Amino acid sequence: MTVITPSAKAVCATDGFDIDAIRADFPILAEKVHGKPLTYLDNGASAQKPRQVIEAVSNAYTHEYANVHRGLHHLSNVATANFEKARETVRAFLNAASDEEIIFTRNATEAINLVASSFGRPRIGEGDEILLTIMEHHSNIVPWHFIRERQGAVLKWAPVSDDGEFLLDEFEKLITPRTKMIAVTHMSNVLGTIVPVKEVVRIAHERGIPVLVDGAQGAVHLPVDVQDLDCDFYTFTGHKLYGPTGIGVLYGKKELLEAMPPYQGGGEMIGYVTTDEVTYGKPPHRFEAGTPAIVQAIGLGAAIDYVESIGREHIKDYEGRLLDYAMERLGSLDWLKIYGRAEGKGSIISFDVEGAHAHDVSTILDHHGVAVRAGTHCCEPLLARFGVSSTCRASMAMYNTPQEIDRLVEALHKTREMFA
Ligand SMILES: Cc1ncc(COP(=O)(O)O)c(C=O)c1O
């Protein structure tokens, strides 16, 4: 197949996608680092925030703040309405059937722990199997290891090819009558590989196996429709989606959530409490013990409104062209090794510079104003699969530009000169 790589100019030329206006919405992008313009390519770890989110957070604290759900006064009612409006915004973003299917958590990690604990533990016993992919983030591994340790379950790992392609046939072969749970990433935070989750769910459901999708990266870069995917659980995290930290989302099918015991106990999640007994509220409140992250949820709502105002298809198209450009530029450096070349992958590039440790590379890049991540990316099993203990990772967002990729390449050349 011939890959037509767009020129730097062509990357930015899209109707309805005004990169300059988008960049102007993110105040931090105007910062300098070590006297150089900031080139922020660490979006896979956490994305920057547009002023629309910063203002929504500031406005909530300045004018509309009180605790939610339990007050009878004006500010509590306003805060409750704003908090619940954010839940509706998330529902629409995922196209969930009902608000009751949207649970606010601290982050994606907590959402996955909630499912492993409240859904997995009662259903998965000695010798039962949990099928993951080798690309999972530790957030979607360790909660299942808990079940392996505590219940005697067995973890199985769907492989990827040397190019980082998800191998659907190999995945299917790993399913057995003992498979009780499948948990897969939507998009790898190291390779950028996109897992065909709709197919995965179809195959799993033919055998009656529930599926959790970790959308910490996927929800940022791809349109998501949980009813179309038919997944049982979908999780994502606010701070990677241009929203605040401290807020994440668990989507779960209503009938499954209704059958699940609470994850934590405390205020707001009960039916009633006496000295002798307790009953529990309905989802989503059953799973939101204690004071929630009120303003963070409102900020997440603003972040989603922002993403929708740009358009998820526009973002996907733009990031796709930017990735093509970056892959061609980085791919032309014969002293740089790229991990992950899966067809249609998302805008993440992991790489190594020959003869240099990833930590040294990222430190030197930083001196040129270029922020990338180096290390295991919380994916140690995947790095072991590729026989490495760390890589550098450039992860792109909707506000990155081809000029920033050029700056990365220039800084990489300088890095290389120091190690050659
Ligand atoms: C694929 C994936 N899953 C889960 C997580 C965990 O996100 P959080 O730390 O916000 O819970 C990350 C974060 O890097 C991720 O990339």
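**Exercise 1. Decide whether Cys-379 is buried or exposed.**

Solution. Cys-379 has 0% relative accessibility, so it counts as buried. The cut-offs are under 20% relative accessible area for buried and over 50% for exposed, with partly exposed in between (1.4 Å probe, protein chains only). The model is predicted: local features need pLDDT of at least 70, side-chain atom pairs count only at pLDDT 80 or more, and totals for chains, interfaces and linings use all residues. Residues are numbered from 1 along each chain as its sequence is written, and side-chain values use heavy atoms, with hydrogens and water left out.

**Exercise 2. Find how many disulfides the structure holds, and check the cysteines.**

Solution. Step one is the criterion: a disulfide is a pair of cysteine sulfur atoms within 2.5 Å. The structure holds zero of them. Step two is Cys-231, which is in no disulfide; its nearest cysteine sulfur belongs to Cys-379 and is 20 Å away. Cys-231 is also buried, at 0% relative accessibility. Step three is Cys-379, where the closest cysteine sulfur is in Cys-378, at 6.9 Å, which is too far for a bond.

**Exercise 3. Describe the backbone at His-377 and Cys-378.**

Solution. Start with the expectation: most residues other than glycine have a negative phi, and most peptide bonds are trans. His-377 has a positive phi, near 60°. Cys-378 is not a glycine either, and its phi is positive at about 55°. Next, locate them. His-377 is in the loop between β16 (373-375) and α15 (380-385), and Cys-378 lies in the loop between β16 and α15. Helices (H or I, at least four residues) and strands (E, at least two) are DSSP runs, numbered from the N terminus. Last, compare accessibility: His-377 is buried at 7%, whereas Cys-378 is partly exposed at 34%.

**Exercise 4. Work out the surroundings of Leu-257.**

Solution. First, Leu-257 belongs to helix α11 (residues 254-258). Second, its relative accessible area is 0%, so Leu-257 is buried. Third, list its contacts (heavy atoms within 4.5 Å). Leaving aside residues up to four places away in sequence, Leu-257 touches Glu-100, Glu-101, Ile-103, Phe-233, Gly-252, Pro-283, Arg-286 and Phe-287.

**Exercise 5. Summarise the fold as a whole.**

Solution. The protein has 16 helices and 17 strands. Of its 420 residues, 55% count as buried. Among contacts with a separation of 6 or more, 72% come from residues 24 or more positions apart. The C-alpha atoms fill a box of roughly 70 × 55 × 35 Å along the principal axes.
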